[in-house]
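The following note sets out numbered remarks for a colleague's review. Please read them beside the sequence and the model.

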Amino acid sequence: SDHALVYPAAPDVMDWDSHYPAFAGTGKTPEFADIGCGFGGLLIALAPMFPDTLMLGMEIRVQVSQYVQDRITALRATSNAPPATDSTIPGPYQNVSIVRANSMKFMPNYFPKHSLSALFFLFPDPHFKSRKHKARIISPTLLAEYAFILRPGGIVYTITDVKGLHEWMKTHLEEFPLFEPVSEEQLREEGKGGILDAVYGSTEEGKKVERNAGEKWLACFRRIEVPRA
Ligand code: SAM
């Protein structure tokens, strides 16, 4: 249950310095958010690719979020630091952190308006039964929040092995006026191939789907500048 969780009253009271000590005082806030990050495979894959970009995982399960926390602490402690001559580069994995949170609640309390450039929903829980669809992590109400925290041009990445959930996420995003579909080819042309490869293959769930030779359905959307007329 998530009843005991405490949420920040607003993004500016979030203590990002304690999450990212190497970036303390820079005023930076997370730019990538991995919703329902599970065991953290995506964050760990992306962290070295974008060493100056802060990334945050959100995970509701106690043990799983603790596991990711411990994993990050260990990686920070054991990874090779950059040469001491260049003090401007923070050590590896300093840019990645996690909060235990129900991401269906209070997302705008964590992330300032237009602060995110990427939002990830990788292999979210399908909630197969219709009466459980309201528990899905993509819905018109939540899309309004995602549009608020994403900057114009920011990308929503979704992937799942459940065709029905793929259709659900795609349809809701297509129908929402502040998002437009963007193809995998287009994103690769824009230099986001590394991100896409990580979306497909870096997470524990993605690897499981591969082991079972399952299909993966990707759908990506761009936060647009103004609503379509
Ligand atoms: N994204 C990871 C991956 O690809 O390996 C995990 C996928 S797993 C099927 C879904 C994860 O979402 C679980 O770890 C679950 O605990 C988490 N989750 C489900 N609902 C959530 C919520 N409302 N807030 C935060 N995390 C949630």
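1. Strand 2 and strand 3 run parallel and are paired through five bridges; two strands count as paired if DSSP finds at least two bridges between them. Within this pairing, L56 has S97 of strand 3 as its bridge partner. Helices (H or I, at least four residues) and strands (E, at least two) are DSSP runs, numbered from the N terminus.

2. On provenance, this is a predicted model, in which local features need pLDDT of at least 70 and side-chain atom pairs count only at pLDDT 80 or more, whereas totals for chains, interfaces and linings use all residues. Residues are numbered from 1 along each chain as its sequence is written.

3. Strand 3 covers residues 96-100, and four of its five residues are buried, so the rest of the structure largely encloses it. Here a residue is buried if 20 or more other C-beta atoms lie within 10 Å of its own, exposed if 12 or fewer, and partly exposed in between, with C-beta atoms placed from the backbone.

4. Strand 4 (residues 116-122) has six of its seven residues buried and is therefore also largely enclosed by the rest of the structure. Its pairing with strand 1 (residues 32-35) is parallel and comprises three bridges; D34 has F120 of strand 4 as its bridge partner.

5. Strand 4 also runs parallel to strand 5 (residues 150-160), to which six bridges join it. For A118, the bridge partner in strand 5 is I155.

6. Which residues are closest to the ligand? They are G36, G38, I60, T203 and E205, out of 20 residues that surround the ligand. Strand 2 (55-59) and helix 9 (204-211) are the elements that give two or more residues to this shell, and helix 9 supplies its largest share, three residues.

7. The ligand shell contains eight nonpolar, seven polar and five charged residues. In this classification Ala, Val, Leu, Ile, Met, Phe, Trp, Tyr, Cys and Pro are nonpolar, Asp, Glu, Lys and Arg are charged, and the others, Gly among them, are polar.

8. Y93, a residue other than glycine, has a positive phi near 65° and lies in the loop between helix 3 (62-78) and strand 3. Y93 counts as buried because it has 23 C-beta neighbours inside 10 Å. A213, likewise not a glycine, has a positive phi near 50° and lies in the loop between helix 9 and strand 7 (217-223). A213 counts as exposed because it has 6 C-beta neighbours inside 10 Å.

9. As to the chain overall, its secondary structure comprises nine helices and seven strands. Of its 229 residues, 33% count as buried. The radius of gyration is 17 Å, which agrees with the value near 17 Å for a compact globule of 229 residues; the radius is taken over C-alpha atoms, and the globule rule is 2.2 Å times the number of residues to the power 0.38. The C-alpha atoms fill a box of roughly 55 × 40 × 40 Å along the principal axes.

10. Among contacts with a separation of 6 or more, 78% involve residues 24 or more positions apart; a contact requires C-beta atoms, placed from the backbone, within 7 Å.

Terms used
Near = placed C-beta within 6 Å. Contact = placed C-beta atoms within 7 Å.
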